[in-house]
Amino acid sequence: MFTLEWLADTTGHHDHVLVGLSPQNGRYKPEYIRNLIFWLRPRFRSIDVVIPGFEAAYTLVAAGHPPAQAVHRARRAYRQLHNPAVRALAELGVPDPARHVTSWTRLHANAAYRASLSRSRKAYLVDRRIRAACRAMTAEVVGNTVDGRSVTPCDIDIAVRYVIAEIPLLTDGPSLFEADRSVFVYHRPTPLVAAIADGGSILRAAPGQSWAVVGQQEANHGEHDRTTTPTAIPVPAR
Amino acid sequence: MANTIEPQLPLRYPFPLGDDGALPPLTAWAQRARPVCPVRLPSGITAWMMTRKDDVARMLADNRFSRDLAGPGSPRMVGEDLTSVDDAIFNLDPPRHGRVRQVLSSWFTRRAVQRHRPLIARHAGRLLDAMADGPNPVDLIEAYTAALPLDAMGELMGVPPELAEECRRVYPMSLDLSSTPDAVERETDAAKRFIAKLVAAHRADPVPDTPVHALLAAASAGVITESEMFGTVFLVFVTSFDPLVAPLTTGPMILMLHRKQLDECLADSTLWPKAVEEVLRYFHNGGLGFPRIAREDVDFDGTVIRRGDAVVVPMQAVTWDPRHYRNPARFNIHRATDGSATFGAGPHYCLGSQLARIVLQEAISALFRRFPTLDLAVSQRELPWDPNRMFTRPMQLPVTW
């Protein structure tokens with residue numbers, strides 16, 4: 001059983017839900033993914049699932065893994081998230097289910113994503129609050145991956161690309177997925193969403209963009225909380 | 001798909017792309033079933049699409065089809081794009097076209113462009129040094145294939161330092177088929193403003209041995225008009241950037257997907273030019289190109305193309321025509337055929353074809369010599385191809401080494 005808590009005073013709706021899956025949080029096991037999608041799908045007119053692209057490897061590189069190994073692990077993790085999500089959508093009768101499970105890399109085919117990413121990168125460079133939120137979240141992601149050492153600014157410089165690449169999903173869901181209203185769901189609030197939602201940064205959410213935290217009330221809750229690599233980024237918890 | 005299902009006509013462009021940049025299935029269908037096929041362009045006009053190599057060669061050399069699209073009301077892909085610029089070499093029909101082309105042709109000959117190899121290699125080396133010192137994995141387009149034309153062609157074309165930043169803002173032009181006519185016009189206007197500044201800078205401080213210099217000298221001598229000079233500088237700049245990024249991206253991509261052939265190139269450097277020819281044949285980076293207009297009614301193999309009708313040509317169909325290329329879907333650097341047909345035919349055959357070849361040869365060979373283990377960092381199925389992009393390519397190419 002899941003719950004949905006709408007963030008930042010946004011009004012609930014039933015239009016489009018965007019589900020972020022994280023390769024770096026232990027909760028995103030096949031059964032959890034299936035249950036989550038099965039729970040969300042009937043509550044919204046349309047659903048899409050997003051999975052980090054090649055940028056996921058940066059957190060492993062920053063943690064000291066050789067790049068080729070990091071890429072290999074990231075690709076494997078992608079498949080482990082992608083396949084259960086496609087299967088769940090197929091079981092629910094969503095037409096062309098693979099089209100609704102998208103990597104951030106594939107989103108580059110969309111001009112709206114590219115434009116939004118460009119704005120996000122600029123915001124990271126010029127907006128102190130966005131920069132701080134991105135770096136804090138990156139430090140947490142990398143910190144959960146490194147063994148026995150502290151995260152350096154250099155590590156964050158490498159891995160922050162991961163966090164930045166996700167920002168368009170927090171600001172421009174409606175245009176990316178051609179919906180009037182779109183809610184991005186993740187399992188906890190993050191400073192980046194707060195910085196975008198309260199108008200205190202140069203990043204603005206598009207009209208119709210909202211966010212919600214998906215929680216789990218029973219069964220395996222404790223297990224999910226024992227993730228070894230808790231989240232750092234929005235949505236999918238890292 | 002198209003073997004069993006008859007698509008509704010006119011076809012609507014842009015078409016869904018083929019896998020990994022292969023010929024779009026609808027183009028392949030038209031080549032088989034409707035070699036002169038009506039296609040609805042994003043602007044709303046319907047054009048005739050020709051897809052067979054012999055037909056295309058005949059049409060491109062036929063004076064009854066005009067390239068002059070500068071006039072208002074001319075058929076456009078979306079809106080007032082580069083074809084709307086008055087008197088650009090792109091828009092000229094013989095004999096004016098030949099007079100303007102003659103000004104530039106000596107600069108672009110196969111022999112003449114060879115002297116630019118060291119410049120291209122220098123910029124490639126510098127960018128690859130930076131890539132080696134930067135993040136791994138990386139988007140190859142950002143690190144290398146989009147940056148190289150801006151740097152190398154920028155120097156070759158004499159972009160002064162004070163205009164370098166504006167050049168980077170203006171180019172590559174997106175030429176986005178999903179764009180609005182207003183956005184296309186704004187993009188064209190921004191490029192015109194840049195070219196006006198560039199021409200003024202070259203007049204104040206000439207940069208010899210550049211196409212701009214040759215055009216300015218010809219305008220001063222009265223060989224070409226001021227308008228022909230401006231329009232042609234505009235065109236030279238568009239073609240110096242955007243059309244190079246696509247093969248600089250798809251080339252390494254397809255070679256990484258054909259590792260055995262890549263290894264052959266690494267073992268025998270004389271194969272790089274062969275690999276580049278096959279990259280040029282396999283992909284085409286201009287979609288349907290820009291329309292031509294029938295000056296009179298023309299009966300083309302039983303299809304009457306009426307005076308004023310637009311005709312478009314996907315050059316990838318030409319280089320995938322099975323009547324001329326055996327098993328065209330197979331990427332094979334050992335083909336006896338080259339990539340020439342991708343550059344067109346007739347009087348408007350691409351002026352920069354030889355320069356493009358040496359840019360690609362230098363850039364792709366340097367990339368793999370520096371990073372022989374370079375590989376995709378995502379599954380090829382994840383590569384983001386944008387069918388709306390006129391210069392078709394993945395919009396991101398994550399690689400690792």
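**Stop 1: confidence**

Start by colouring the model by pLDDT. Chain A has a mean pLDDT of 89, and 91% of its residues reach 70 or more. Now select residues 221-238 of chain A, where the pLDDT is below 50. Beyond near neighbours in sequence, this stretch still has 59 contacts in the model. Take care here: where pLDDT is low, the predicted coordinates should not be read in detail. Chain B has a mean pLDDT of 94, with 99% of its residues at 70 or more. For the complex, the predictor gives an ipTM of 0.88 and a pTM of 0.92.

**Stop 2: where the chains touch**

Show both chains together. The contact takes 18 residues from chain A and 17 residues from chain B. On the chain B side, eight of these residues are nonpolar, six are polar and three are charged.

**Stop 3: the nonpolar core**

Which residues have the most contacts inside the largest nonpolar core? Select A:Val19, A:Ala57, B:Leu215, B:Phe234, B:Val311 and B:Ala363 to see them. The core has 196 residues, and its largest share, 16 residues, comes from helix H11 (residues 226-257) of chain B. In soluble globular proteins, nonpolar side chains tend to be buried together.

Zoom in on A:Val19. Not counting residues up to four places away in sequence, A:Val19 touches A:Leu36, A:Ile37, A:Leu40, A:Ile47, A:Val49 and A:Val185.

**Stop 4: crossing helices in chain A**

Select helix H5 (residues 111-126) and helix H7 (residues 153-171) of chain A. They pack at an angle of about 115 degrees, with their axes 8 Å apart, and the crossing is right-handed. On H5(A), the residues making the contact include A:Tyr113, A:Leu117 and A:Tyr124, while those on H7(A) include A:Ile164, A:Ile167 and A:Pro168. By class, this contact has seven nonpolar, three polar and one charged residues.

**Stop 5: crossing helices in chain B**

Move to helix H13 (residues 272-282) and helix H15 (residues 353-370) of chain B, whose axes come within 9 Å and cross at roughly 115 degrees. This crossing is right-handed. B:Trp272, B:Pro273, B:Val276 and B:Val279 make the contact from H13(B), and among their partners on H15(B) are B:Leu360 and B:Ile364.

**Stop 6: a residue in a strand**

Select B:Leu376, which lies in strand S10 (residues 375-376) of chain B. Is B:Leu376 buried or exposed? B:Leu376 is buried because it has 22 C-beta neighbours inside 10 Å, and 20 or more are needed to count as buried. Leaving aside neighbours within four places in sequence, B:Leu376 is in contact with B:Met256, B:Pro398 and B:Val399.

**Stop 7**

Most residues other than glycine have a negative phi, and most peptide bonds are trans. Here are some exceptions to find.

- The peptide bond from B:Leu9 to B:Pro10 is cis, with omega near -5 degrees; B:Pro10 sits in the segment before strand S1 (11-12) of chain B.
- B:Asn136 and B:Pro137 are also joined by a cis peptide bond, with omega about 10 degrees. Look for B:Pro137 in the loop between helix H5 (117-133) and strand S5 (138-139) of chain B.
- A:Asp96 has a positive phi, near 50 degrees. A:Asp96 is in the loop between helix H3 (67-91) and strand S4 (101-103) of chain A, and is exposed, with 8 other C-beta atoms within 10 Å.
- B:Asp301 has a positive phi of about 50 degrees, and lies in the loop between strand S7 (298-300) and strand S8 (303-305) of chain B.

Key: Residues numbered from 1 in each chain as written. Chains lettered and ligands numbered in written order. Predicted model: local features only at pLDDT ≥ 70, side-chain atom pairs only at ≥ 80, totals over all residues. Axes fitted to C-alpha atoms, helices over the stretch in contact; angles between N-to-C directions. Helix = DSSP H or I, 4+ residues; strand = E, 2+ residues; numbered from the N terminus. Left-handed = near helix turned anticlockwise from the far one by under 90°. Contact = placed C-beta atoms within 7 Å. Nonpolar A, V, L, I, M, F, W, Y, C, P; charged D, E, K, R; others polar. Core = buried A, V, L, I, M, F, W, Y, C linked by C-beta atoms within 7 Å. Buried ≥ 20, exposed ≤ 12 C-beta atoms within 10 Å, placed from the backbone. pLDDT = per-residue confidence, 0-100.
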